[in-house]
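Please read this note alongside the model, and take the points in order.

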Amino acid sequence: MSDFFTDFWSYYIAAIALVGIVWCVWLLFSQRRVAKVADATQDTGHVWDGDLRELNNPLPRWWMWMFLLACIFGLIYLVLYPGLGSYAGVLKFSTQGELAAHRKAAEQVQNEIYAKYMKMDVTQVAADPQAREIGQRLFLNYCAQCHGSDARGSRGFPNLTDNDWLYGGDPATITQTITKGRNGVMPPLGAAIDAKLSGDVAQYVRSLSGLASDPIRASRGESTFKSTCAACHGATGKGNQALGAPNLSDNVWLYGSSEANIVDAIQKGHNNHMPAHEEILTPERIRMLTAYVWGLSNTSGAGTGSGQ
Amino acid sequence: MNAPEPEPLARSRTLPAAQREPASATADAQSSDETLYEVRRKIYPRSVTGAFSRWRVWVVVLTQLFFYGMPWLQWNGRQAMLFDLGARKFYIFGLVLWPQDVIYLAVLLVISALSLFLFTAIAGRLFCGYACPQTVYTEIFMWIERHVEGDRFARIRLDGDPWSARKLRLKATKHSLWILIALWTGFTFVGYFSPIRALGGQVLSLSLGPWQTFWMLFYAFATWGNAGFMREQVCKYMCPYARFQSVMVDRDTYVVTYDVGRGEPRGSRSRKADYKASGLGECVNCSICVQVCPTGIDIRDGLQYDCIGCGACIDACNQVMDKMAYPRGLIRYTSENAMRRALSEAVARKRLVRPRTVVYSVIWLALVGGFMASLAMRTPLKVDIIRDRGALGREVEGRWIENVYRLQLINTTEAPMRVAISADSDELKGLTVEYDHSAGDLDPTSNRLIPVRVRVPIDAAGQGTHKIHVTVTAAGDEAAGARGAEISQSTSFIVPRNL
């Protein structure tokens, strides 16, 4: 028994349970007879508070048998189920075991539904209305906490509906992202690029997306961008999906487009983490989610026009 | 039962020792002890006819017509009354109740409790005597018993006889009929929770689910056991309402009462004898009132907690009084005050209107009125709005701040519904709402989650939390019988710092 150092408490609890039942039965039988009340009104002669008389109103016999039956039930229960200290019971029942059994049964039912979709192409699954409903429910349960109920993300969490992918938007890559997770690292470059220069780089980066920028500062920042940032984000700032380096030229901003936000990113870096779901979700569910997420930005498929 | 001090009307409830069965003959013979547990003395109620018996037959017929018949009625192509626990929807004719409507169940129970208080304050245990399922099924089972085995004395004789082919045949017939009715009752009961027409086929093809099988058999067993064997034991030892109602009775409540002043001293006499000359009261001590009693008590001992107020003894005594050419009503419905203070019938009736019954009635009427009005004006659309908690807010294209909400929409009607979603705020100007408009089409009795995006222009929003109202409007459709509805819920809109 793991909860205690010795088995003593297990025996102690078992003994209390058993002695309790035996004591109840003994009490029932030892007290089943009372002195006969001669009085026709069944008055036992006991009087309290001057006028409260105790009458002999016997319990029905069947009640006694039911009590005994309950005791026998209790003993049988204690043999079959855990209840006597650490004794596990003949049926080896446990709530964890029950949960696992229920879960297995539920998965079996679900997999029957999923079986149809496992045989279909992901693009076809995405077009299936029932599959989209299933996908939405799974998404709301497992993904919406970060990516939002509408999958449009928020600061630091990518929008999944805009066809702008950090790691690629084909079904296989989406599956990989969900299964294994992702670690997006923008290293802090504060040591290499000082705050002033960072501002210039930020101006250049803004100009890549066509946002308002100071051309003089931007041209100052361009050389630093080409020498330092281009290693990951590419010479033209189009990003690199193999590394998960964002495209900086498409006006999609994970951490905001203001100069201050961009400077912050350059100086302090970002560490973005998408957790792996292979331990949490079954392959069937990951497939349903892949189809749902793929469908969000590929609305050309028949029936996927909702944009949800 | 209600008098605090020992009164002639409220005597000990216990049967005189002479009427009690010896618990154990050997035990009584060998010691001055007696067992603490009483062996049930089987009661053989004698059949009775009269006004109260006719009332009971009518109530039994009407309640059972309702109980057995209701599940077979159809409405809108489905069962008219179906409590679908699996789908968590209760269908009652045109009404579909969802778990959110559980308040109606609570109010219904309060109304039922108040009805019980009111009826009990007026005329005692009316519910027990006429409408309680225990009484109703016992009545049905006794009716069968009487027709198979004969009346009281025939049944006593049959039980005393040794086993014979005839006894076996009678008992087998009786139990077959009982079990048949019990099974049908169990089947009907389950039919309220699982469509009864499909259930019939499942029973015939032996393809019932485990829980359906369990409840059908359990309910059948309970019917057979309670109405066939336990009978008055249920009322005496198990039923909380029995004790509960005893508290609701006061001295102006009409209860089944034996007129002690008129009846005592009791004694047998010839029909033509002048009983007054021999010092006797009007009770001829025929004991028929005891023989007809379904709980086996003697009403002449006064009001007892075992009395279920069925009035069988009144019917029986009236018949005897008629035969003796005495006035009826030696046992009758009257109040303790009327009996003790010799109030006239008119005064006793007037006393039925007293603060207690008036207060019960007023509350009862208010609750019933409120219940009906609330049901009639029930909004057919239910809305819950939940703000996405994972994110404060987001910048969209550098022009807007956007918050995301999940709207749970429930169409409680059996017609399709189309809803439009809008938002407004006193604090924020230029709110717009974006959502998938095709998701606004709600199927009949469906439940849907819609993600909704609310946005404001980036320069219109001060940092912090703002109160907004999201309004869901359902267009009414007279042709489809759908009522319109508009529900507005407030929630918060957050403009994060550090955009």
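1. Two strands are said to pair if DSSP finds at least two bridges between them, and the strands themselves (E, at least two residues), like the helices (H or I, at least four residues), are DSSP runs numbered from the N terminus. With that in mind, Arg394(B) stands opposite Glu402(B) in β12(B), and 3 bridges join β11(B) to β12(B), the two running antiparallel. The hairpin that they form has 3 residues between the strands, and there Glu397(B) takes a positive phi near 50 degrees.

2. A word on the source is needed before going further. This is a predicted model, in which local features need pLDDT of at least 70 and side-chain atom pairs count only at pLDDT 80 or more, while totals for chains, interfaces and linings use all residues. Residues are numbered from 1 along each chain as its sequence is written, and chains are lettered from A and ligands numbered from 1 in the order in which they are written.

3. Strand β12(B) also has other partners. Strand β10 (residues 381–387) of chain B pairs with β12(B) in the antiparallel sense over 7 bridges, with Ile385(B) opposite Leu407(B). The pairing of β12(B) with β16(B) is likewise antiparallel and runs over 12 bridges, and in β16(B) the residue opposite Asn403(B) is Val454(B). Because 9 of its 12 residues are buried, β12(B) is largely enclosed by the rest of the structure; here a residue is buried if 20 or more other C-beta atoms lie within 10 Å of its own, exposed if 12 or fewer, and partly exposed in between, with C-beta atoms placed from the backbone.

4. Another sheet of chain B is open and has 4 strands in the order β15-β13-β17-β18, with antiparallel pairing. Its edge strands, β15 (441–442) and β18, each pair on one side only. Strand β17 (residues 464–474) meets β18(B) over 11 antiparallel bridges, and one example is Val472(B), whose bridge partner in β18(B) is Ile487(B).

5. The nonpolar cores deserve a careful look; a core is a set of buried Ala, Val, Leu, Ile, Met, Phe, Trp, Tyr and Cys residues joined through C-beta atoms within 7 Å. The largest has 30 residues, of which Cys289(B), Ile299(B), Ala312(B), Cys313(B) and Ile331(B) touch the most other members. The elements β8 (254–258), α13 (288–291) and α14 (312–324) of chain B each supply at least two residues of this core, and α14(B) gives the largest share, 5 residues. A second, separate core of 29 residues includes Leu381(B), Ile401(B), Leu407(B) and Ala485(B). In soluble globular proteins, nonpolar side chains tend to be buried together.

6. At the interface, 30 residues of chain B are in contact with 34 residues of chain A. Several elements of chain B each supply at least two residues of this side, among them β12 (400–411) and β16 (446–457). The residues on the chain B side divide into 12 nonpolar, 8 polar and 10 charged, counting Ala, Val, Leu, Ile, Met, Phe, Trp, Tyr, Cys and Pro as nonpolar, Asp, Glu, Lys and Arg as charged, and the others, Gly among them, as polar. Strand β1 (residues 33–35) of chain A pairs with β1(B) in the antiparallel sense over 3 bridges, and Val34(A) has Glu34(B) as its bridge partner.

7. Finally, the overall form of the chains. Chain B holds 17 helices and 18 strands, and it is more spread out than a compact globule, because its radius of gyration is 33 Å, well over the 23 Å that the globule rule gives for 499 residues. This radius is taken over C-alpha atoms, and the rule is 2.2 Å times the number of residues to the power 0.38. Chain A has 11 helices and 6 strands, and its radius of gyration is 36 Å, whereas a compact globule of 308 residues would have one near 19 Å.

Methods. Contact = placed C-beta atoms within 7 Å.
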